[in-house]
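Here are my notes for your review. Please read them with the coordinates open.

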Amino acid sequence: MINLEPKSQTSFYQSVQNYFDKAARHTGLHPGLLEQIKVCNAVYQVHFPVKVGNEYRVIEAYRVQHSHHRTPTKGGIRFSNHVNQEEVMALATLMTYKCAIVDVPFGGAKGGVKINPWEFTPSQIEKITRRYTSELIRRNMIGPSVDVPAPDYGTGSREMAWIYDTYRTFNGDDIDAAGCVTGKPVNQHGIRGRTEATGRGVFYGIREACNQKEDMKRLGLEPGIEGKTMVVQGLGNVGSYTATISQDEGGVKIVGVGEVEGAIYKKDGIDIHDLLKFRKETGSIIGYPGAKVLDKSNRKAVLEMECDILVPAALENQITTENAHKIKAKIIAEAANGPITSMAEEVLLEAGKLIIPDVYLNAGGVTVSYFEWLKNLSHMRFGRMDKRFNQQTYQNLIELVERLTGHTIGERERLMIGRGAEEIDLVRSGLEETMISSYNQIREVMKRKRKVDDLRTAAFVSAINKISSDYLSLGIFP
Ligand code: NAD
């Protein structure tokens, strides 16, 4: 785990457990039931050898299934040098609550392979991915009804395609094999809109938060996302989509960006498409025309920049008690998992910041993964059955309106109104609905429980109540 903090700082796993305990006090549930919800149900650690050049490397890897209250379990696979058992347990635990918050019927899981993916060639990464998948197959820890991985830090659709192919090779007669993993390329049974899903969900979540008039008034901000300034840490999958969609669809001004090579600031705004192109060409964000470079000796300086919305989208434990008091943003939108430690959160809440928690905010990935899994099990693309039918119905309505009013609707409007929904439209609409309704469910908990006054605790209360009702309906607990 990237944890450059002194040992006295709270670990990621401990932070997650602290959040759980804080919320559990507001549920009135039996302590035994709370303990069952809290613990990791299965932890698998494995070491396997892989030949790299003329050497053999022994690779350490994990899969943790946090909760079997619903199956399959679901959660991404992380490739990082900093992977360790506690980190994977923390991420698996968050997945359980995340799925419950957005009403996705899975238990939580997570995988981790302790490698620096940028040190290996693509064919070596393929070898490692396939071998890791075989280990999961051997332990029955992967499958469409068992446990369904997805991308996370250091992995993407390429790795998911290798996982699917390996699973299919071992399970040739499983007609639902494509549902063994999500985040696959579209031409390998993936779904349109999965790659952007987490970032798009982050945008919908931030936009919903900004639409709450009372909350914005308390922060001294105007309601609405348009015109707000944003700083993003990490321009990977989640960070880059959050930034581009916030800029293009929300009218947000991106004033600062931090990456591994350093951080830049530009008061009048950075065009994020331009910056991504610049980084692709030069390999760095440093040198981007017109932007100031921040102190390179302090990697976290980006978090302390002046802005309305700070989006940590890289890794955990970025805001600790060391720097929490230096954060100037009024809204902190946790696109990454666990960027704020539980102790730092107390400092930020005390200072009146609005924290939109990871456990809700980055759930767009698992939501669209759920759509992909449903598509794989139904063996049919969304929109295939009803697109033409809807198109015809809309055309009939347009013609009726024209006849009744005597007005002719222009060709452009006709095309816009009369269009049947494609898969991407349905995915985005399902994601938007999920993010808006989950935000309002969380706010509802805050309204009902007077002592719950932050979004994270409310989100955890909501998740614990939903999971407990599954256990209670089994009659195991009083
Ligand atoms: P990614 O590998 O695509 O991108 C991470 C980016 O962060 C990289 O560009 C990396 O260079 C940068 N980075 C690393 N350390 C940094 C530092 N100290 N300062 C600035 N930048 C740094 O990973 P991702 O998939 O975008 O995941 C990012 C976070 O979002 C993780 O916490 C992950 O668990 C979480 N998340 C991802 C998804 C998903 O669908 N990919 C879903 C939910 C949550």
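1. How many cavities of 30 Å³ or more does the count come to? The count comes to one. Keep in mind that this is a predicted model.

2. The largest cavity has a volume of about 40 Å³. Its lining is made up of Phe-12, Ser-15, Val-16, Tyr-19, Leu-94, Gly-338, Ile-340, Asp-358 and Arg-456. Helix H1 (residues 12-24) gives the largest share of that lining, four residues. By class, the lining of the largest cavity holds five nonpolar, two polar and two charged residues.

3. The second largest pocket has a volume of about 410 Å³. Its lining counts 19 residues. Nearest its centre lie Arg-218, Met-446, Asp-453, Asp-454 and Leu-455. Which classes make up the lining of this second largest pocket? There are 11 charged residues, five nonpolar and three polar.

4. At least two residues each come from helix H7 (213-219), strand S12 (354-356), helix H15 (423-448) and helix H16 (455-473).

5. Now the sheet. It is open, with five strands in the order S1-S2-S4-S3-S5 and mixed pairing. Strand S1 (42-52) and strand S5 (147-151) stand at the edges. Each has a single partner strand, so one side of each has no neighbour in the sheet. On average, neighbouring strands are turned by 20° against each other, direction ignored.

6. Take the pairing of S5 in detail. Strand S3 (residues 73-79) pairs with S5 in the parallel sense, over five bridges. Within S5, Pro-149 stands opposite Gly-75.

7. What lies across the sheet strands S1, S2, S3 and S4? Helix H4 (residues 122-138) does, and it runs at about 145° to S1. In that list, S2 spans 55-65 and S4 spans 107-113.

8. Gly-365 sits in helix H12 (residues 364-378).

9. Is Gly-365 buried or exposed? Its relative accessible area is 4%. The cut-off for buried is under 20%, so Gly-365 counts as buried. Not counting residues up to four places away in sequence, Gly-365 touches Arg-194, Ala-197 and Thr-198.

Technical notes. Residues numbered from 1 in each chain as written. Predicted model: local features only at pLDDT ≥ 70, side-chain atom pairs only at ≥ 80, totals over all residues. Heavy atoms only, no water. Buried < 20%, exposed > 50% of the residue type's maximum accessible area, 1.4 Å probe, protein only. Contact = heavy atoms within 4.5 Å. Pairing = 2+ DSSP bridges. Axes fitted to C-alpha atoms, helices over the stretch in contact; angles between N-to-C directions. 1 Å grid on protein atoms, 1.4 Å probe; cavity = no way out; pocket = protein on both sides within 12 Å on 5 of 7 lines; lining within 4 Å. Points joined across faces, edges and corners; volume = space filled by probe spheres on them. Nonpolar A, V, L, I, M, F, W, Y, C, P; charged D, E, K, R; others polar.
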